[in-house]
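The structure comes first, then the pairs in turn.

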Amino acid sequence: MDTQWPRWEVFKQDTPHKPHQAVGSVHAADPEHALLTARNVFARRPQAVSMWVARAEDIYAWTREEILEGLATAKADTGLGTACRYLVFRKTSHKRSMTFVDHVGEVEATSPEEALQQAQARFTDTTALAWWVVPADKVYQSDPSPETVESWFAPAKDKTYKQQQYYATVGSHISKHKRGRGVEDEE
């Protein structure tokens, strides 16, 4: 029996003109809980104006290698249902230590595989290392009202934090301190 809450992928938008990017995941009981947890984990620092979350199991993902092997098209013929809107995300680089998958647009399709095929035909400006498609009704968004944006993201704008390089300190080995304390204890 799995006792963990479902895993939710988190998409953060840094500014109104930048795309939402996948920044990590959280475990949460429901969409609202996922958004609040995502806000606490990923928007503690400056530059966030919006967040989306989607359950990991609702995300259809393919790597470039899987697409070349035909794994994405093998199921494409099964999509005979009603067309729905899919959000499309694309990973284009391994260069950074964190993996960012950017939202590139939307397509309307009858299956995730058809959505992938449309995405590959439509978003051709750069090579994709991986594609994610998510039914739009499975993506939950933070409230875009100015009041919510201000209360959720504005406090992080002025929050100070220490850069990682300043955490390194040079000190003496702990045994030196224990020896000194031991001497005091004996006196």
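Asp-58 has a relative accessibility of 14% and counts as buried. The model is predicted. The salt-bridge partner of Asp-58 is Arg-55, with 3.4 Å between the closest N and O atoms. Salt bridges with shared partners link Arg-55, Glu-57 and Asp-58 in one network.

Arg-55 has a relative accessible area of 26% and is partly exposed.

## Arg-7 and Glu-9

A salt bridge joins Arg-7 and Glu-9, and the closest N and O atoms lie 2.4 Å apart. Which of the accessibility classes applies to Glu-9? Glu-9 is buried, at 11% relative accessibility. Arg-7, in contrast, is partly exposed, its relative accessible area being 37%.

## Lys-12 and Asp-14

Lys-12 and Asp-14 form a salt bridge in which the closest N and O atoms are 2.6 Å apart. Both residues of this pair, Lys-12 and Asp-14, are buried.

## Whole-structure count

How many salt bridges does a search of the whole structure find? The search finds six. Among them are the bridge of Glu-9 with Arg-7, that of Lys-12 with Asp-14 and that of Arg-55 with Asp-58.

Terms used: Residues are numbered from 1 along each chain as its sequence is written. This is a predicted model: local features need pLDDT of at least 70, side-chain atom pairs count only at pLDDT 80 or more; totals for chains, interfaces and linings use all residues. Side-chain values use heavy atoms; hydrogens and water are left out. A salt bridge is a side-chain nitrogen of Lys or Arg within 4 Å of a carboxyl oxygen of Asp or Glu. Buried means under 20% relative accessible area, exposed over 50%, partly exposed in between (1.4 Å probe, protein chains only).
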